[in-house]
Amino acid sequence: MATAPHLIAPLPLISTEVAAWVESVSALTRPRAVHWCDGSQAEVRELTARLVRERELHQLNAEEFPGCYLYRSDPNDVARVEHVTYVCTRSQEDAGPNNHWMAPAEAHDKMRALFSGCMRERTLYVIPYCMGPLDSPYARCGVEITDSPYVVLNMAIMTRSGRAALERIAREGKFVRGLHSTGELDPARRFIMHFPEELGIESFGSGYGGNALLGKKCHALRIASWQARQEGWLAEHMLIVGLTNPQGETHYLAAAFPSACGKTNLAMLIPPQSMPGWKVETVGDDIAWLHPGPDGRLWAVNPEAGYFGVVPGTNRDTNRNAFDMIRRDTLFTNVALTADDEPWWEGRKKFTPVLDWKGQPYDPKNGPAAHPNSRFTVAARNNPIYSPRADDPRGVPISALIFGGRRREVAPLVYEARNWQHGVLVGASVASETTAAAVGQAGVVRRDPMAMLPFCGYNFADYWRHWLEVGAKLTRAPKIYHVNWFRRDAQGRFLWPGYGENLRVLAWMLDRCTVGAGATETPIGSLPRPADLNMNGLDVTSEALAALFSVDRTLWRQEVAEIGDYFSRYGARLPAELLQELAVTQKLLG
Ligand code: OXD
Ligand code: MN
């Protein structure tokens, strides 16, 4: 795509800061051309066609998957890279033990050397974008400069990008600066740097989603969490879902689970047949920006405009909405191919793969056909249950907040925190098995507070303090829950069917928030008794139910001790309230 003059926004629309920054980045990176993205469909079509011609994208079977393309990333660039992701604050203490830290001057020097001349022979794309509805006071803007056309296509789906965003930036004069280059995709020259005090991001050496689509994890979580603390709100790794009960009342829930633990599935849940009259609508599947409202409630907006979801496991039984959604206008990354040029992944019931995700003839001896972290990028508007409220500039009011992890044992199916302060402890002590979403060994249990371990842009101790302060502003605070869909028996089988059946648990939460459904008090919080949940048509044995609803005091005493050890890393900055709540739980456990 040549740099056509008509694509350059007329000058009055460009803030002088953006123009000056683009100029200084081009002086450093030396691109062959500069292209200002206008965010139009024509631009996306033109770029897609070029990438197909250049064999960067592969067009999928146009009858079965119209408008769908496959992109294969470099095989050593398939996931987020937490070990080279840094938060570069002036004081190391501000980044906290939860982040890798580098002094800003050192990080800038390192990155300047990498970016120097890196776009020779490449086009520099300028992507102005807005996270959140364009007319929302809660939305925040950024500009990503990248040399990756794949990033341009993804950002066009994932954010509200182009001319309208540039206009808002020109009006506001404030934006997050994200500089990205794929470099040579050399893992030894790969760094994702964040400068929260400067509202800046510098990412080099990776083209993978979470490392390269800078609006997503880098801006909407790491930088936004920092901005949110200063401005009195919260930027969270949470889905947002609307539930309408058979009486026609709608409530919104926000839920934080670590990466690849089912946020997209819960946000797109299909009610089981035995729960007629329930309606589910998606507001967001990954990130929520939460604001205390003038009415004392917590309000949520989804800053994203699309989904970057995990493909394997998606089928008509697990998530029919997602399966239908990704049958058109979807960009697939690292899935396998069938003989008919259809995308294929583990869990897709029909057909067999002939080429694996690397484009090699499929041989099961070489591992799965689709990469376990293969992804779909698709516009939220393609979602058959997209909530009309997702575009509401005020957001939606939240009735319940949910934390959860992937744990074989210890955590019961669901429990309710005693109050907000206890809920902050529950969130801060989330533990979960690692997944393929990040480089490293999968299946290892680690603490992942609020599912934000890889994403909080500052010291967790200050973040928990901020959570307590936000709660203090709410006169109608949401109740806080913990769930675990992943409990297993001694043979390793899941005890709970999950997916649509999770609605039974959500329905109990809503009844707790509204009509006061039943529960039993335990040392860790309130649990439903099996009779408190809607069990109509549920196929789970009574032994499994007993295990799902049990609190093993020995395991929990050990858990409390481990949480205490974990908190001790945060020293004197740790809010005393969390230790007080932990002491209450310990005492109740006896
Ligand atoms: C994601 C992640 O891509 O959490 O959403 O890794
Ligand atoms: Mn995520």
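In this predicted model, a polar side-chain atom of His237 lies 3.4 Å from an oxygen atom of ligand 1, a polar contact (a pair of N or O atoms within 3.5 Å).

**Around ligand 1**
- The side chains of Lys217 and Arg375 each place an N or O atom 3.0 Å from an oxygen atom of ligand 1.
- On its own, ligand 1 exposes 210 Å², and the protein buries 96% of that (Shrake-Rupley areas, 1.4 Å probe).
- The shell around ligand 1 includes Arg80, Ser259 and Phe308, and its residues split into three nonpolar, two polar and five charged (Asp, Glu, Lys and Arg count as charged).

- His237, in the loop between β12 (234-236) and β13 (238-244), and Asp286, in the loop between β15 (279-284) and β16 (288-292), are 49 residues apart (strands are DSSP E runs of at least two residues).

**How to read this**
- Residues count from 1 along each chain, while chains are lettered from A and ligands numbered from 1 as written.
- Local features need pLDDT of at least 70, side-chain atom pairs 80 or more, totals for chains, interfaces and linings use all residues, and side-chain values use heavy atoms, without hydrogens or water.

Technical notes. Near = heavy atom within 4 Å. Polar contact = N/O pair within 3.5 Å; in protein donor to acceptor, adjacent residues only side chain to side chain. Helix = DSSP H or I, 4+ residues; strand = E, 2+ residues; numbered from the N terminus.
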